[in-house]
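Please look over the sequence and the model before reading on. My notes follow as numbered points.

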Amino acid sequence: MTRSIRIPFNRASFVGRELDYLDEVRASGDYAGNGDMTRRAEEILTASLDGATALLTTSCTSALEMSALALNFSAGDEVIVPSYTFVSTASAFSAHGARPVFADVRADTLNIDERHVDGLISARTRAIVVTHYAGVGCEMDAILALGERHGLAIIEDNAHGLFGTYRDRPLGGMGDYGALSFHATKNFSSGQGGAVIAREASAVERLRNIRENGTNRAAFERGDVDRYTWVAQGTNALPSELIAAVICAQVEERTSIQSRRQMLWERYAEALAPWAREHGATLAHVPAWCDPTYHLFHLLLPDEATREGLREHLLARGILAVSHYVPLHSSPMGLALGGRVGQCPVADDVASRVLRLPLFVTLSDAEQAEVIEAITDFDATP
Ligand SMILES: Cc1ncc(COP(=O)(O)O)c(C=O)c1O
């Protein structure tokens, strides 16, 4: 049965000068990429990264794949990844020669459980990948210390966490590589789009080559070489100037976007806390040392049946709330790559109980009030 959705889970929108910037690109006649809009967007992102550099890409997935190419895996290499995350956190690495080893997540933040990672490190481990779930930072001090001690690369999947911080350091800019998403569901959106981040100048140059099919075209455009040629493994991950124009306009509006999301997030948290206490549900946990991005507002219901009951109850009122992340360790591909059923019990548990509520900048106060009222009307007691 098709039901009509009045309050969607997400609605992407233009928030500032997108149309002006698209018109600038149109007038320039230079659409292909690496032009003025790309430079402007990259400058804004880089300025927020405490010394690291951001390069625009066609998606977060392509940014993760570029970090995999930069790491140049050999047969037998392994990469530790959280089980509770989007597929590309793992597939970007398995597609480029590293076997993913799945780590369980913390029950409070749903981030990779840094206390389990040490036990997964072997002589074959090359890197640890973390996802800052919902834009709340992972325990990066512990993760970075493990990387240092064992000589491993740290990659931050920061699809949710642009402009968030962990102990005053920028999410995505602490590890060797970081990846951002500008997919339509994200806080800042160009429909599809992303950025790859690196701290070391040599890694940034490697990424510039990888982004342009493994050629040193960027050096050619700077006038450093008199023709460009194929120098490394690479791909085409350079977004067009049309995409860059939208990214640029969106990140320029970061203050208004983040403050509207924060307001909506805090209102959900305050209004739903008494209902959650009464019904055995848990709201998102944000450690005091994390400045989050308010990317998701999720509830953990007491069990899967209650989660499904609430989801149906909201759907009957035209409100779309969604669950997500089938844990990777026991997915068909995860099993084929060495994952085991039952390997990450916290991931299995939270995946069966999580429900995400509508949260986007154009969600009106009246729409949010309707969502809150619908939830507090739901009697979760068995
Ligand atoms: C944690 C995480 N990583 C990676 C991605 C992939 O992003 P993109 O669609 O930009 O490739 C997503 C997208 O939903 C995500 O949530």
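1. An oxygen atom of the ligand lies 2.6 Å from an N or O atom in the side chain of Thr61. For Ser181, the side-chain distance to a ligand oxygen is 2.7 Å. For His160, it is 2.9 Å.

2. How much of the ligand does the protein bury? Alone, the ligand exposes 390 Å², and the protein buries 91% of that. Accessible areas come from the Shrake-Rupley method with a 1.4 Å probe; for residues, only the protein chains shown count as cover.

3. This is a predicted model: local features need pLDDT of at least 70, side-chain atom pairs need pLDDT 80 or more, and totals for chains, interfaces and linings use all residues. Residues are numbered from 1 along each chain as its sequence is written, and side-chain values use heavy atoms, without hydrogens and water.

4. Which residues are closest to the ligand? They are Cys60, Thr61, Asp157, Ser181 and Lys186, and 16 residues surround the ligand (a heavy atom within 4 Å). By class, this shell has 4 nonpolar, 10 polar and 2 charged residues. Ala, Val, Leu, Ile, Met, Phe, Trp, Tyr, Cys and Pro count as nonpolar, Asp, Glu, Lys and Arg as charged, and the others, Gly among them, as polar.

5. Now the strands (DSSP E runs of at least two residues). An open sheet has 3 strands in the order β7-β6-β11, with antiparallel pairing (at least two DSSP bridges between two strands). β7 (169-170) and β11 (290-291) are the edge strands. Tyr166 stands opposite Cys290 in β11.

Notes:
A polar contact is a pair of N or O atoms within 3.5 Å; within protein, one must be able to donate a hydrogen and the other to accept it, and residues adjacent in sequence count only if both atoms are side-chain atoms. Helices (H or I, at least four residues) and strands (E, at least two) are DSSP runs, numbered from the N terminus.
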